[in-house]
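Dear colleague,

My notes on the interface and on the confidence of the model follow.

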Amino acid sequence: MRRIAAGVRSIAAIGVMLVATAPIQAQSFERSHRRPPLLLPSPAFAPQLDTVRLQALDRSPQPATLVIRLMLLGLTIIVALISIYSIRHYVFAISRMFGRQRHPYSDIITAEWPPITVLIPAHNEELVIGEMLRLLLNADYPRDRLTIIPINDRSEDRTGEIIDSYAARYPGVVAPFHRSDAKGGKAAALQDAEKLVQTDIELVFDADYLPARGVLKLLVAPFFDPEVGAVMGRVIPINLSRNFLTRLQELERSGGYQVDQQARMNLALVPQYGGTVGGVRRRALAEIGGWKEESLAEDTDLTYRLLLHGHLTAYENRAECYEEVPEVWPERIRQIKRWSQGHNACLRHYLLPLLRSNMVGGMPRKIDGLLLLGVFALPPFTIIGWLLGLGLFYLGYIPIHGFVAILAVTAYSTLGNFAAFFQVAAAVRLDGSRARIRLLPLLLGGFLISTVAIVRSMLPRHLRPSRNTALIWDKTKRYRQAQE
Amino acid sequence: MNPPLFFLLLAAGLLVWTALPFIPAILELRRPTDFLALDVPEYYEADTRFFARSFRDHIRAELTDSPSETGDGRFPEGAVMSFLTGEGRSAVSTETDPANPGEALVLFAATRVAVPNGAALTSDVYAPGGIDGGEDVTYRALYADSDIQLGQGSAVLRWIHADGAMWVGANTLLAGRASSEISLELAEGVQFERLYAPEISFGTSENAADPEFASGPLTLQLDDQHSRGVATFKDDLELPERSLVLSDIVCRGSLVIGRGSVIRGSIKAHFGMELRDGVRVEGAVVSVRTLNIGKNCFLRGPVISEREAYLAEGAKVGTAACETSFVARTIYAAPGSVAHGTVWARTLGFVTPLVE
């Protein structure tokens, strides 16, 4: 913890120095921009230049000075913001590797298990729905307390037929729900299916997931805690051997679940409901107004509405479930854009309510909630930060002199860009699969592509779809062979 | 050195320096060595009986012929299996197979055997006939199709399971998992980690009595949240004696439930919880900090404490018909307390002496 505190102090000092030196630096531009354009300042000469600048302070600010000041202020804010996120990544990784691990519910092995309903939204899922149903029927959950509702959402393939065949074989357990002419989207499908659910706990699985035999009990156990409104399990890519992209996504998923989610559970912060391999308490769902049909990120939306109403989301790292990840870049980019749009919509909706709320868990949970809300808003700031840094440099401006400049650049580029990589490395180590860590440097490529995809998703034409635009289910392509 | 050459050398050096971490990455990409999906076990191995059952299934699968009491058997992988008999105490051996040094020796006890005082069974033992353990015996792992009796001062290093009943002598250490399909009786001074049995008795006490429940209960006045089934309190809460609560309670401070109260729902407290004598809770009990369960309390649902949990004399967790889980970092169980189902002390559990 002392190291963390020292890190925080260093970064704070850099931020303070950046702000404190702003007036001097702004003045320095006036001198530097009068030099021949090709004669760029060198950090080595910075101390001497500063001495000159200090003597030549101009007390009448010029428009260019104002621009420089604004650029500097922007860069300072961005560096501070990215540093905060970096510290968060490090705190999470350290908590996961050396801290006390919280799995309060995973040891509930025997209990009087409550009745549950498993919802499986399925839109053209003939390749995977049969396998999903087979595995759920093989679960070790008491059969007399289990209802499975596969939601055939306007499918044009054999999804409905496969579901009906299971319903015929398992009457009373598999109760299909066919939607033919209704609003598109997973949230709308779930909201429509609500009227069929008669249990207080409902679990949600995407149709392409492969639940292990014990996963239902693990996901239900946290609901014995009356404060828990939602539960999230861990997702593990099954098709990682396909190509470079799937292997990168496996690393990202590892970091996201094994470290990020579990650390938030350890620190009693805000684990996120992920929309699948999870569940929600219907009593809490009714209290917050049900699923939001228009939401592109119904999972994030649900997490925040529950949080604002005093319900907790629990993460269960041992409730593991296989999923398929996109195998081609266009598919992956579409997925990132969809997540980004949905998540940023939540940022717009819940930022102020969250700031105003007096929530359970106090300030740490509120800060983590705010930071989680902002994760998809960060990439544009990163790009702006790079542009500002370059701009200031090529305008002939040395942001800060000598040693401090090195510190600042180091803080920005290493903490800012690579802290998440540290988290992924910790996750791979915890997973006990060492050799795949070699791929870590290549995550830089994935990071850059994600950054661009997120920024593109935030362009004005994506932000406010027309009211007449119907929501379509832009679901991820399946690659598995059909099994019934 | 002239500037262009210096620049070229510097650029080349930087390029190599930058490329260094990418070399293993590209090698891994071209010739994958670690590309299989992470293993998701089909069965959750947290079940207390998981290792015992796996061992039993393995042994039964290997023992294709009925075991003889006169000779040794050999497993395909080379491990030696010795036989214990009622008289043949000399057969208790820790020798390893000379042809396969380091291989585990599996001891097979076809009939019920008595293990002498001070013996150390450092091999896994499969004892269909059951075991009568002497004092100060060390076991590595032990499976019996019938009853097991462990003498005082014994130690189990990995796991122990009895399809019949199990009695554990005083001051025994049960590291790892201990389970029985019938009942588990732990004497005073026993230390444990994970237990499972339809009935687990912690010591004995003549003073344990049936819980005394409220006969003329008071109804707790709840706010408008009552209609949603959860009463949330931001501060500490102390319920008076003989209260009746129909909903769940979430208390963000500490929670004290008065003597003889009845809670129909579940309860949770963030800053510790005390259940005074004779409290009955139908739902779950969750305490983020310490949990004190008073004398003759009855808790029907799962009990979770993220720190210490104290189970007083006569307290009961679960029922024979409704087994449940009792989980805490450290558990102190007083003589006369009983649990039905799983008891899991993440650090260690103790059967304490009775304190008046």
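A salt bridge is taken here as a side-chain nitrogen of Lys or Arg within 4 Å of a carboxyl oxygen of Asp or Glu. By that rule, the count between chain A and chain B is ten salt bridges. One of the salt bridges joins A:Glu227 and B:Lys268, with 2.8 Å between the closest N and O atoms. On the side of chain A that touches chain B, β6 (228-237), α9 (244-266), α10 (282-287) and β8 (312-323) each supply at least two residues; helices (H or I, at least four residues) and strands (E, at least two) are DSSP runs, numbered from the N terminus.

In total, 48 residues of chain A are in contact (heavy atoms within 4.5 Å) with 49 residues of chain B. The area buried between the two chains, meaning the accessible area (1.4 Å probe) lost on putting them together, summed over both, is about 4,200 Å², and carbon and sulfur atoms give 58% of this area.

The model is predicted, with local features requiring pLDDT of at least 70 and side-chain atom pairs pLDDT 80 or more, while totals for chains, interfaces and linings use all residues. Residues are numbered from 1 along each chain as its sequence is written, chains are lettered from A and ligands numbered from 1 in the order written, and side-chain values use heavy atoms, without hydrogens and water.

Chain A averages a pLDDT (the predictor's confidence in each residue, from 0 to 100) of 81, and 77% of the residues score at least 70. Over residues 6-60 of chain A the pLDDT is below 50.

Yours sincerely
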